[in-house]
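Welcome! Please take a moment to look over the sequence and the 3D picture before reading on.

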Amino acid sequence: MQDFLQIFNSISTYVIMALVVIVIILFILVISNMHSLSKVEARYRKLMRGVENENLEKLIMSYLDKIDEAREESKEVKKIYNDIDERVSKCIQNVSIVRYKAFDDVGSDLSFSVALLDDNYDGVIITSIYGRNESLTYAKPINKGLSRYDLSDEENQVLKEATQK
């Protein structure tokens, strides 16, 4: 034990100096940490103050309310879109027309057949046959691209063109 005390007494000044240096380094680190902490605290206060001195929690809650409103409006718009899409599918979307000369004694292609079909290929074929002495116009219903009436070549042609679009 005596040897230990002699060795400690001989190096005690060095140990004390090393401890003083360590204390100074730790003191500098504490001051640096306090400075950094004050910066973080200032930024935290600014963040919590929010925009125009509003509380951040109030801002977040108002944005969440806006999100809920947008979600409800989106549901309404989707319902309106589905209604419009359903209505549009029933509108005339497929149209084809062919003009032809029904009789040899008529000078021009004054006769015609026109197909007016919706998205399900339901609709009508309207045919007008023009002659010198008389003119006829008639319609034939079309259901899913098929007619329960016999179709002329021209009517078959417009039906085929309208259903291939």
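The model is predicted: local features need pLDDT of at least 70 and side-chain atom pairs count only at pLDDT 80 or more, while totals for chains, interfaces and linings use all residues. Residues are numbered from 1 along each chain as its sequence is written, and side-chain values use heavy atoms, leaving out hydrogens and water.

Let's begin with the layout. You can find 3 helices and 4 strands in the chain, where helices (H or I, at least four residues) and strands (E, at least two) are DSSP runs numbered from the N terminus. Their order along the sequence is α-α-β-β-β-β-α. The radius of gyration, taken over C-alpha atoms, is 45 Å, well over the 15 Å that the globule rule gives for 165 residues, so the chain is more spread out than a compact globule. That rule is 2.2 Å times the number of residues to the power 0.38.

| Chain property | Value |
|---|---|
| C-alpha trace span along principal axes | about 140 × 40 × 30 Å |
| Residues that count as buried (under 20% relative accessible area, 1.4 Å probe, protein chains only) | 16% of 165 residues |

Next comes the hairpin. Strands β3 (residues 123-130) and β4 (residues 135-142) run antiparallel and are joined by 8 bridges, with 4 residues between them. S128 stands opposite T137 in β4.

Notes. Pairing = 2+ DSSP bridges. Buried < 20%, exposed > 50% of the residue type's maximum accessible area, 1.4 Å probe, protein only.
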